[in-house]
Every structure is written in C-alpha cells, then in structure tokens.
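Subject: Structure handover

Hello,

Here is the structure I promised to pass on. My notes on what turned up follow directly below it.

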Amino acid sequence: MFAEFGYGVLLVTFLVALYSVIAAAYGAVKKSASMVESARRAMFLTFPLISIGAASLIYLLVNNHFEVSFVYEVTSLSMPTYLKVTAWWGGQAGSLVFWSFLLSGFASAVTLRKWDRDIEFLPWVVVVCGITLAFFLGLVVFFENPFTRFWLVGGNVESHMFAPLNATIFTPEDGQGLNPLLRHPGMIIHPPMLYLGFVSFVIPYAFAIAALVTGRTDDRWIRLTRRWSLWAWLFLSFGLVLGGRWAYDVLGWGGYWGWDPVEIAAFMPWLTGTAFLHSVMIQEKRGLLKHWNMILVILTYSLVIFGTFLTRSGVLSSVHAFAESAIGPLFFVFIGVTFATSIALIIWRWPQLSGETEMKSMLSREALFLLNNLLFMSILVVCFWGVIFPLVSELFTGQKVTVGPAFYESATGPLFAALLFLMGVAPLSAWGHSTIQTLGRSIWKSSLAALIVTLILLAVYTNNIYALLGFFLVSFVLFVTFQEFWRGARARQKTQDEGFFTALARLMGRNRRRYGGYIIHISIAVMAIGILGIELFQTETQGTLAQGEELNISGYTVQYRELASWGDQGKGVNYTRAVVDIFKNGIYLGELNPRIDYYAEAEQNMTIPGNRSTLRDDLYILLVDWQPVSSGGATFKIYVNPLVNWMWIGSLLFIAGIIFAAWPDREPVEESLQKKVTQRTSQTSAAD
Amino acid sequence: MKPKFILGFGMILAAVAYLIFSATQASAERFMTVNEMQAEVPDVVGQSLRITGAVIGESIQYDPNTLTLTFEVAHAPADFKVIEEQGGLAEVLHQAVIDPTRQRVKIVYIGVKPDLLRGEAQAIMTGKLDEAGIFHADELLLKCPTRYEEALPEQASTD
C-alpha cells in the first residue's frame, strides 16, 4: 500500500520537475512571465511531493516492512527507531531519494526569494535545478527504486515493483540490518552533512549558468550566491571532519584519513569549492578572473555529482563498500553532458567575461590569490590522477596499476606546505600592487617570531626537519593572523575611541567575511599542528599481558587489570571490555576501557578503542584479543598520537569561522555600505 | 597576461607535474588477481603489488602474542563487468571459496586483526610475494558484500 503510494508520488514528482524545466525554458525564450511563474510554482510543488514520498519510505522503514527490499537491506528488528529512520540514507536507493529531497528543498527556498531586479535569472535557475532534480528522481523511479518488493513466483523470490503474474508477496522475518560499523553517531550525521554540502553547491552553479545564458555576466550572480557557497562549504567541511572522527573512533587503526577513493571523492569538490570562495573575492574587488570563477563553479558541480556517484557505487575498492549498480554509465553521461554544455556556454560568452583590469604585480593580493587557486587545483589534479590512474594505466599498458596513500602524501605534502606559507603572506599583500619591500616590511616581525618558536622547538621538542618546517609555517600563519586582528582593532580603537575588545568585536562584526576568513586561517594552522603530530610522531607498541603486567610507551605505563564479557540479548551484542590502568612517570592517571563488541546478527566484531585525550597527546588503546578467563591474558595494541587533539580543536574552530562568515547580517543595506568603506580603509592600511 | 606571469605559472605547473610524476613512480603498485600474479611468478617476486582475492574462512589463524595473522585467499575475478555477469560480488566470492581447484595464496599480515575479516570477504592486500610463495601484506582492506549489497533473502537460493 505505502510502497505503491510512495512510488506513485515520486513518479509524479519526477514529471513535475520535468514540467518545471520545460515551462521555465519556454517562458524564458518566449518572454512569458506567466509561464515562468508556472515553472516556479511547479518547482515549489516538488518539495511537498517528495516529502510525502520520503515519509512513505520512512513509514515502511520504521514499521519493519521487510517485504520492501530496501527496508530488508538496511534495517532489522533489533535496530532502535532512530536508526531505522536514518537508515533512509544507509543504502543507495534511499540516499538518492534523500539527495532529491534536499535539492528540492533548496531549489524551493531559492525560488521563494524576492527576485525584483534579478528576475531574468529565475527561469534558468529553475531549469538547472529542475534538470538536476529530474535526473536524480529519474534514477530513483526507473533504476534504483527503494519501493520494490519481494514476490514469491513459482517458488522463487524475485524483487519487483508491481506484482508479477501469479505472485504472492514475500515477507522475510527479519532484515539484514545496518552494518554495526555504520551505527556510530558520526556515521549517522556524516552522509547528510556531505549531501547538504553537495546539494548546496548546485545553487551557485545554477546562478552561474543563468548568468551565462542571460549574458548578465557581472558579479551579480556571485553576490547572490555568496552565502549559499559558504553554507555549502560549511556542510561539506563538517561532513569531512565527521568522517575523520568516525574513522578514528571506530575503524581502530589509530588514524583518521586513509586517502580512500571515497574520501577523495568528497574531498575534490571541497578543493574546487575552496578555490572558488577565494577567487570570487578577486572578481568582486578587481573585476578579474571571471572565466576562471565560472570554470570553478562548473567543476565543483561536476565533482559533486561525481562524488555522489562514487560514495554510493563501489566502483573502486574501498573500506566504504557500497552497492555496485547499473547506474554508473548514466552518471557519467549526465556529468559529461552538463559539463560540455556549461563549457560551451562559457566559450559563447567568452568576450563578455574578460577582466576589467589587468593583473600587474606578481606580489599583489590578486596574484597571490591566483597562486592559491593554482595550488588548490594542483591538489585536485593529484587526487584526480590518483583515482583514475588505474583506469589510465590499464588503457595504455593493459596492466592495472594503483597508487596508495604514500602517493597522495608525498605529492600533496609540498603543496599543502606552500598553501600554508601563502596563507601567511597573502593577507599582508595589497590589492593592485605590492613589492618585495612593502611585503617584507609587514612580514619580518611575524617571520622572526616564527623563527624563534621554531628554534625553541628544536631545543626542547624535536629535530625532525619536516616537523620544524611545518611548525615554522604554522606559527608564521598564526602570528600574521593575530597581528592582523591586533592592527585592525588598534586602528579602530584610535579612530572610534572605543576599548580594545569593543573595537575588536565591532571590527569583526562589520567585516564578517574577512575576519571569519582569518578565523578559518587560524583553525587550519591549528589543525596542521595535529596533523604534523600524528603523521610524524605517532608511536605504537603491542603485547599480550597477564593480569598485573604492563607495557611502556612514550612515558606511559599501561597495566592490565581485568576483563569481563557479557551479552545483551535484546540488542544481539556481546561485549568484552578490558580495564587497564594508566600511569605516567609513576603517577596514576585513571583507567581506560578498550572493548570489542560482537554483533551476532552480522557476525561482526567492532573494536572500540579506549582513548585518553590531552592537548599533548592521545593514548589510544585497542583490545586485540583475549584468552579464556582462566589464564587471564589479553593482547593490546597501543598508539600514542602526539598533538592529534589539536586537529579536532582546529576543526571546531574552522566550523565556527565559517558560521561567523556566513551568518546573516542584521542590517543588510547599511551593512554593505559600511563594508565597502571599511574595506577601502583596510586596503590602504594593508598597502602602507 | 604579462610574460612574467606566464613564466611563473609555467614553472609552478612544471613543479606540480614533476611532483605527480615522481610520486607515481615511487608508489605505483600493480593491481592483480591471484591468477594474474601466479602467472608472472617469478618475475613479480619482491615487487610491490596489490592483490585481490576471496578469504577462505577456515584458513584464518591469529597469534595474538606476535599479532601475526595468516589466512589464504582464493582467486576471484576483479573486473567489474565479469563480476556483474557472474551474479554479483557476493556470488563470485562464494564460488571462489567453495571451488577447491582455484589457485590460492597464503597471506601473512602483522597487526590488529581487522573486524571485517571473515570467510567470503573480498580482501585487497598491498605487499610483496616472497620466494616461498607467501604474500607479506603491509596493508589489508576488506569488503563484505553480503552486508551492503542488494541481496535477496536466504530463501531465494532454493531454486
């Protein structure tokens, strides 16, 4: 009942999305305002429709309708209700519905805005969102239907949407259930965050295409979508961080990022999106790089679709194993067609997009921004190369050759270091013209301070050359950025006659994007501390201990006290939990409880580390194995991950920085005037 | 564009191209099935390889004192199309494990026993084959298709 209903609603939604595309294009070409209005309303209608479709799916999931194949695959009787709801995006078919649901919601929100003087964009924004929506709904309706059910046909079970001849419905007693590894809070929020990021980037793309089609190629489209891009970036970043945290907490290899193809697939649109956020500033301030911004937003869109496909297709072997399916070629056709069309539009509008001025000085802010873009694109090329290299090598040599994490680390390492350096230099350079002298004058203090920090670290902490270089760059960025806050606040304090902190708060409040950006720079530097720590200084040890025996690692003593096993019949889980006492230099610090949870239904272990986290390092203990209680031995693997906590602290600060930059201003009109004035003054202050 | 910009960016691009080239050279590993690897013995002995196969459940042994994990994998096709034709990954792995005529290779891995290791899992290992025909893995990835893939209920196999 609900299955047919849900399917019918999605089919209707698909048709409505198609209608909105045709009506919008027709209305725009024939200059018929009523057709465009009709298209807008159609787009607006898709959201309630798809919500009803999704609600039917959730109803089936929550009520254990295992005759529906999707429900059978992702839920089981023993799962709590909230997990059954979130199982919506636990499999391919459901996550495509989820994607469409988000897109429909965002597109509706956009069509609701006051269009006034941007009304010529409206039909084309509807066209782009409508085509994307129709593509995903088409996949759901025709290829990856979450509502197909099991039918008993002549003794065999088959899955079909509608009843075959002489078939009776088949309901399995219990579903397969979500993999225990995916039942972690991080993994429940991670996919929707990534998807929110992916889908939000469709909106800036839609406006870019609208600008190209209508020929209104000034920076209006960028100003209209600035906040969308920032929110998209926020969600995408948050999704990546959650994925890392999940790996650290659940996968039990003491790391957080494995250069897995699926991770890279989510990372690539982040890279182009980050480049885009930087380079639009040059277009706004200097009227340059218009072609480039278009290309970046188009690339981001293509990578978003590609990422959606990769994260759900299992084309490449990875720990994120997901279903293989027949929809791969359709994705590639869709990406190819939209990419080619977009590029054709750019070529058509090429003359209108030429810059208003020329880039003159190699050290000007715009040139350094361009360099930043080049570095992000280089990292993108490295990632893309790594992902497609097996296919390329097979094509040319007949042998499948793959590259592993070592490839990504050694190829991107210098690029990340260069980005850090640039993050320190660029905010100090002036728009238009900068020389070594002017730049040197504003840089030397921070460089000197960073050098002193590095020398102190050399004396007391490490003599690893890469670490020292990394810490130099990190402290350089931190000093430069704090200096910027200091200088801005001091200047305002003098002219406005305010206290230092009032001046700082007002300065930041009035220049949200600028200072939000600086907060993000600080957070990146803080994250870099953690990454350097775990990458360069991680130590590990292992051993089998009898009760009372101990292991020593990096000043810690880990003493095995006891171990207990018990079962939870209701959940079908058997827990084995060890108690170990932690000492450092003879001082008792407390106990840790590494565990292994055995999920009988899935026949799978889940190794949960016991982790003691401090700003200095993490003591990360895994219970690997244990002997029967009589002999009382247990095996542990222990990592000490120096400084890694800074990465999580940096991530939180990073998210805070984006929210700060993207937060809506209270008085938009006055605010933007104010912004222009203060930006002018800060430009001159940076130039002097 | 002024010539100095073109020169500057050209140099950066060259540097990036070099980075990618050298990193590829240093870390490229051939990706092979068990059959493909055995066909090229002894040429591939000592080379850095990435191989894939189906885990034989009964062969899994773990010594917690030394963290030494040993198991065997049987040849299973890795090509996406072939897997589709033969009825999906779960079926392909199942066939590989129950067929005693398939070529097998012994894997040795030192480390924590992965949660996903079990019979009929797809294993992807990075490491080197030694002269005795034992594959020493430094990295071990596992994929258990039955838990993810669109699979029909048990009763479906009573045809």
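B:Arg50 is buried, with a relative accessible area of 9%. This is a predicted model, so please read every value here as computed from predicted coordinates. The side chain of B:Arg50 meets that of B:Glu139 in a salt bridge, 3.5 Å from N to O. The pair links distant parts of chain B: B:Arg50 sits in strand β2 (residues 48–55) and B:Glu139 in strand β7 (residues 134–143), 89 residues apart. B:Glu139 has a relative accessible area of 26%, so B:Glu139 counts as partly exposed.

Salt bridges in general

How many salt bridges does the structure hold over all chains? The count is 24. Two from chain A are worth a look.

A:Asp118 and A:Arg216 form one of them, at 3.3 Å from N to O. A:Asp118 lies in the loop between α5 (92–111) and α6 (122–143), and A:Arg216 lies in the loop between α8 (202–214) and α9 (220–251), so the pair ties together parts of chain A that are 98 residues apart in sequence. Are these two residues buried or exposed? Both A:Asp118 and A:Arg216 are buried. They also belong to a network of salt bridges, which links A:Arg113, A:Asp118, A:Glu120, A:Arg216 and A:Arg220.

The other pair is A:Arg223 with A:Asp219. Their closest N and O atoms are 3.4 Å apart. A:Arg223 is at 34% relative accessibility, so A:Arg223 counts as partly exposed. A:Asp219 is at 17%, and the cut-off for buried is under 20%, so A:Asp219 counts as buried.

Aromatic pairs

The count comes to 53 aromatic pairs over all chains. A:Phe135 and A:Phe136 form an edge-to-face pair, with 5.3 Å centre to centre and 75° between the planes. A:Phe135 is buried at 14% relative accessibility. A:Phe136 is buried at 0%.

A:Phe485 and A:Tyr515 make a tilted pair: 5.2 Å centre to centre, 45° between the planes. A:Phe485 is in helix α16 (residues 465–496) of chain A and A:Tyr515 in helix α18 (residues 512–537), so this pair ties together parts 30 residues apart in sequence. A:Phe485 is buried, and A:Tyr515 is too.

There is also an aromatic cluster. Its members are A:Trp99, A:Phe135, A:Phe136, A:Phe306, A:Phe309, A:Phe331, A:Phe332, A:Phe334 and A:Phe384. The edge-to-face pair of A:Phe135 and A:Phe136 thus has both its residues in that cluster.

A:Arg183 lies in the loop between β3 (168–169) and α7 (185–200) of chain A. At 17% relative accessibility, A:Arg183 counts as buried. What does A:Arg183 contact, leaving aside neighbours within four places in sequence? The contacts are A:Ser76, A:Met79, A:Leu83, A:Gly177, A:Leu178, A:Ile188, A:Tyr599 and A:Glu601. Take A:Leu83: A:Arg183 and A:Leu83 are 100 residues apart in sequence, yet 7.5 Å apart in space, C-alpha to C-alpha.

A:Asn372 is in helix α13 (residues 365–397) of chain A. Its relative accessibility is 10%, so A:Asn372 counts as buried. Not counting residues up to four places away in sequence, A:Asn372 touches A:His278, A:Leu419 and A:Leu422.

Cysteines

Among the cysteines, A:Cys129 is buried at 1% relative accessible area. A:Cys383 is buried as well, at 0%.

A nonpolar surface patch

Now to the outside of chain A. A nonpolar surface patch of about 890 Å² is made by A:Trp444, A:Leu448, A:Leu451, A:Ile452, A:Leu455, A:Ile456, A:Leu458, A:Val460 and A:Tyr461. One of these residues, A:Leu455, lies in helix α15 (residues 436–460) of chain A. Is A:Leu455 buried or exposed? At 51% relative accessibility it counts as exposed, because the cut-off for exposed is over 50%.

Best regards

Technical notes:
Residues numbered from 1 in each chain as written. Chains lettered and ligands numbered in written order. Predicted model: local features only at pLDDT ≥ 70, side-chain atom pairs only at ≥ 80, totals over all residues. Heavy atoms only, no water. Patch = residues over 30% accessible without salt bridge, like charges linked within 9 Å, V, L, I, M, F, W, Y side chains within 5 Å. Areas by Shrake-Rupley, 256 points an atom, 1.4 Å probe, with all protein chains shown as cover. Salt bridge = Lys/Arg side-chain N within 4 Å of Asp/Glu carboxyl O. Helix = DSSP H or I, 4+ residues; strand = E, 2+ residues; numbered from the N terminus. Buried < 20%, exposed > 50% of the residue type's maximum accessible area, 1.4 Å probe, protein only. Contact = heavy atoms within 4.5 Å. Phe/Tyr/Trp six-rings, centres within 6.5 Å; stacked < 30°, edge-to-face > 60°.
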